[in-house]
Amino acid sequence: MKRVSADDRAIIFQLSARERGALIHVLQTYPVLPPAHQPVTQELQGPRVGEYQRLLDEALAEQRAANTRHLRAWLAAPDRFQKTKAGYRFVMECADSEWLLQVLNDIRVGHWLRLGSPEFTGLKPQNLDARLLPMWLAMELSGYFQMNILEALES
């Protein structure tokens, strides 16, 4: 994934066919974070904490549903990936960059949690069985795409 050009409206990347396929596949796994991952509080106790948690869970579920709808439409945009001799031109509007980074982060952190927080457990990719390997790959690929987008935004 290589940044080709950028202005205040959009960033254009050059992707290989494999990178395009990987990006689409990873994005189609959204959402990954478990619905109750974010507690309203870890320190406060009281009769209303349960109600607040329910409200937070509902708001997050609505946000995930909106993100899913937006993601489907975003991926389906006819000019999103334009075929070139070298692969694909990927156009990302600057207005979508923060949203896309959040979606990729949900995927990365969600798979990290499903794998049991690998850096804390010592889990390595070579020790994974076949059913966990796709999670590891999605976690790593989402981080790869995040870093490339962040680098492009900085320059």
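Helices here are DSSP runs of H or I with at least four residues, and strands are runs of E with at least two, numbered from the N terminus. With that settled, one point follows directly: helix H3 is followed by Gly116, whose phi is positive, near 85 degrees. Please keep in mind that this is a predicted model.

Let me stay with H3, which covers residues 94-114. Its 21 residues, at 1.5 Å a residue, should span 30 Å, and the end C-alpha atoms are 31 Å apart, so the two values agree. Which residues of H3 are buried? Among them are Trp99, Leu100, Leu101, Val103, Leu104, Ile107 and Val109. The list also includes Asp96, Asp106 and His111. As for what covers these buried residues, the cover includes helix H1 (17-27), helix H2 (49-76), strand E4 and helix H5.

E4 brings us to the sheet. Four strands form an open sheet, in the order E1-E2-E4-E3, with antiparallel pairing. E1 (2-6) and E3 (81-84) stand at the edges; each has a single partner strand, so one side of each is left without a neighbour in the sheet. On average, neighbouring strands of this sheet are turned by 25 degrees against each other, direction ignored.

Now the pair at one end of that order. E3 and E4, the latter being residues 87-93, run antiparallel and are joined by four bridges. In one case, Thr84 has Gly87 in E4 as its bridge partner.

Last, helix H5, residues 133-154, packs on the sheet and touches E1, E2 (10-15) and E4. The direction of H5 makes about 135 degrees with that of E2.

Definitions and conventions
Residues are numbered from 1 along each chain as its sequence is written. This is a predicted model: local features need pLDDT of at least 70, side-chain atom pairs count only at pLDDT 80 or more; totals for chains, interfaces and linings use all residues. Side-chain values use heavy atoms; hydrogens and water are left out. Two strands pair if DSSP finds at least two bridges between them. Axes are lines fitted to C-alpha atoms, for helices over the stretch in contact, and angles run from 0 to 180 degrees between N-to-C directions. Contact means heavy atoms within 4.5 Å. The expected span of a helix is 1.5 Å times one less than its number of residues. Buried means under 20% relative accessible area, exposed over 50%, partly exposed in between (1.4 Å probe, protein chains only).
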